[in-house]
Every structure is written in structure tokens, then in C-alpha cells.
Amino acid sequence: MRLRRFPRWPSRNLWVWLGALALASSTAAAVDAAGVAALPPKTQQVVFLGDSITYSGGYVRDVAAYFATRHPGHRLSFLNLGLPSETVSGLSEEGHAGGKFPRPDLHERLTRVLTQSKPDLVFACYGMNDGIYLPLAEDRFAKFRDGMQRLHHQVTATGARLIHVTPAPYDELKGGRAGYAPVLDRYSEWLLDQRGGARWEVVDAHFPMQQALEAGRRENPNFFFARDGIHPNDAGHWQIAREILRYLGARDIAGLPDAAAMMATHPRGSDILKLVTTQQTLLKDAWLGATKHTRPGMKAGLPLTEAKAQSAQIQRKIDGLR
């Protein structure tokens, strides 16, 4: 039997290598023991894509605020590029927005977004608008699947990591449109199935949020996360953020009821949360303008250069607090 030869390393290099390995192992063990969510050190630019739920910014803010307090030495930029009304399927119902404009299609702007933002990591949360608020139909479902696959291919082709997030549940009790809740169940199930053969990374926000809604309604029949059945309140956004953070390894948020409780674990947490909120609001409109979305009726953001300068000032305040 032929023995494999291993290279002979000088003794000094060997000890350096072993020391580095031990340090890396001890650091990983410390993070694991603390139960803190983490991203690889090379991750710097994180982009969130989605519809109005993403654009409203609650769950993006919560994730950004978590990392601001847990990883002060890891400089991360969280960019919210969600666009209200948008779909990944390219579909739009007749008379959308009172007939003023069709729903925007992510694929019309995706190349510009990826080229300009140069993300290391992308979170994509679609589905709520993609069934066009109608009962399940194979043609619409096929458009959703095709749009998701195109999104996945285009993002990963850039070398960026892509993590899909299943959509929030639709609440028929608040929103009407009987038969639409099962559509989002099916879309979410399909996304979760892609974790198998396709080996996609998928965070399940849909079913845990649905279970929390059902549990809350057992205690209080009027309980809700979305007054209109679609757009989550702060408690609903926390549900989404929590599942993302748990996927990234967070165990230090177990049992925490909301983002305020998460930030209360840091002595200046509430101040940091306010600054992160201001920063996120400033940047999202500037970036949407810079990447030239085509949806009418959006707030005009600052020129991107000016927004970045103001964001840097806010970041210095955050760094001082954390």
C-alpha cells in the first residue's frame, strides 16, 4: 500500500499554525457558548430585498441593531432595498393601485441593485404579493417558482451568499380575501423544499409566525400581527427578525418578547436602536433612488453621496455608544 506523503513544515510554522487553529477553535467555542448570531468576517455589505414589508424596515432594523450591539468590532452595512408592491413573479393584478401602475417586477432592477450595492450577503423575502391575492393557481405558482429561481441564479452568480426568507402569513380574519392564506402556505412550503435537493439557504419566518398568531388568538380572539392582514406591526417584524437571527445562530434572544427587550441587554441599547432606525430610514430611500426603481409615488431620497456622509456621522455615534 502506498503511503501518502505530507509536507514537512518547519517547526516554527507548525507552532504558529497550531496556535492559530487553537485560537480559532476557542473563539468559535466562545461564540457558540454565548449563543450569539454571527456572520463570517469577510461579510461587510448585507442587502435585503423584498416588498413593502421589507421596505417598512422593522425586521431589517432589528437585525442591524442586534449586530451593532453583539459585534462592535465587525463593521457591517445593512442596506434595505425593499420596494413596495414588488413581486418576484412579474405578475400584477388588473387595476393595481387604482389602475395607476402595475406592480414593479424585481427583475427589472435586480442587475442595477447587485452591480451598485456589491453585496456579500443578500436576504430575499417575497411571496405576499406574488399570488396576487387570489386562490392558488398553478400558472401563478409557476411564475413565483420561476422568479425565485432566476433571483437565486443571478445573486449567487455574483459570488454573494443568498438566504431566502419565507413570507409572512396572510391573515384572512383581518384582510378578507378568503383562500389566500393557503397560497402563502404553499409558496413557503416550496421554498423550504429547496433546502433539500437545491441546497438553498432558507429561513422559515412564515410558519413560526403563523403559530405565534394562532397562539395569540387563543388567548385573545382579537390578537393580530397585521391590522390589514398583510403588513406586520412591530411585533410581527420582531417575529421575522428573530427567525433570521436564530438561523444565524442566535440563542441569546430566546424568550425575548420584542426588539426593545433584545436591546435592553446592552446598557445603551435603546439609544443605539434609535440611531439605527434613523440610519436605516436615511439609506433606504437614497439607495432606491440611486438604483433607479420605477415605482411611482415613492419618497425621493437624498443623493447617495450625501446620504452616505450623513450615515457615516450616525455610525460614529453608534460606535461611540457600543
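Reader: What is the volume of the largest pocket?

Author: The largest pocket has a volume of about 480 Å³. This is a predicted model, in which local features need pLDDT of at least 70 and side-chain atom pairs count only at pLDDT 80 or more, while totals for chains, interfaces and linings use all residues. Residues are numbered from 1 along each chain as its sequence is written, and side-chain values use heavy atoms, with hydrogens and water left out.

Reader: What makes a set of points a pocket, and what makes it a cavity?

Author: Both are found on a 1 Å grid over the protein atoms alone. A cavity is a set of points where a 1.4 Å probe fits but cannot get out; a pocket is an open set with protein on both sides within 12 Å along at least five of seven lines. Grid points are joined across faces, edges and corners, and the volume is the space filled by probe spheres set on the points.

Reader: Which residues that line the largest pocket are the closest to its centre?

Author: A lining residue has an atom within 4 Å of a point. There are 23 residues lining the largest pocket, and Leu76, Ser77, Phe78, Gln279 and Gln315 are the closest to its centre. The elements giving two or more residues to this lining are α3 (58–70), β2 (77–80), α11 (269–290) and α12 (304–321). Such names come from DSSP runs numbered from the N terminus: helices are H or I with at least four residues, strands are E with at least two.

Reader: How do the residues of that lining divide by class?

Author: The lining of the largest pocket has 11 nonpolar, 9 polar and 3 charged residues. Ala, Val, Leu, Ile, Met, Phe, Trp, Tyr, Cys and Pro count as nonpolar, Asp, Glu, Lys and Arg as charged, and the others, Gly among them, as polar.

Reader: How many cavities of 30 Å³ or more does a search of the whole structure find?

Author: The search finds 1. The largest cavity has a volume of about 60 Å³, and its lining consists of Pro169, Asp171, Met209, Leu213, Phe225, Ala226 and Gly229. By class, that lining has 5 nonpolar, 1 polar and 1 charged residues.

Reader: Why is β1 called largely enclosed?

Author: Buried means under 20% relative accessible area, exposed over 50%, and partly exposed in between, with a 1.4 Å probe and protein chains only. In β1, 6 of the 6 residues are buried, so the rest of the structure largely encloses β1. On one side are Gln45, Val47 and Leu49, on the other Val46, Phe48 and Gly50, so that both faces are covered. For β3 the count is 5 of 5 buried, so β3 is also largely enclosed by the rest of the structure.

Reader: What is the order of the strands in the open sheet, and which are the edge strands?

Author: The 5 strands have the order β2-β1-β3-β4-β5, with parallel pairing. The edge strands are β2 and β5 (201–203), each of which pairs on one side only.

Reader: What makes the phi of alanine 97 worth noting?

Author: Most residues other than glycine have a negative phi. Alanine 97 has a positive phi of about 55° although it is not a glycine. Lysine 292 likewise has a positive phi, of about 60°.

Key. Pairing = 2+ DSSP bridges.
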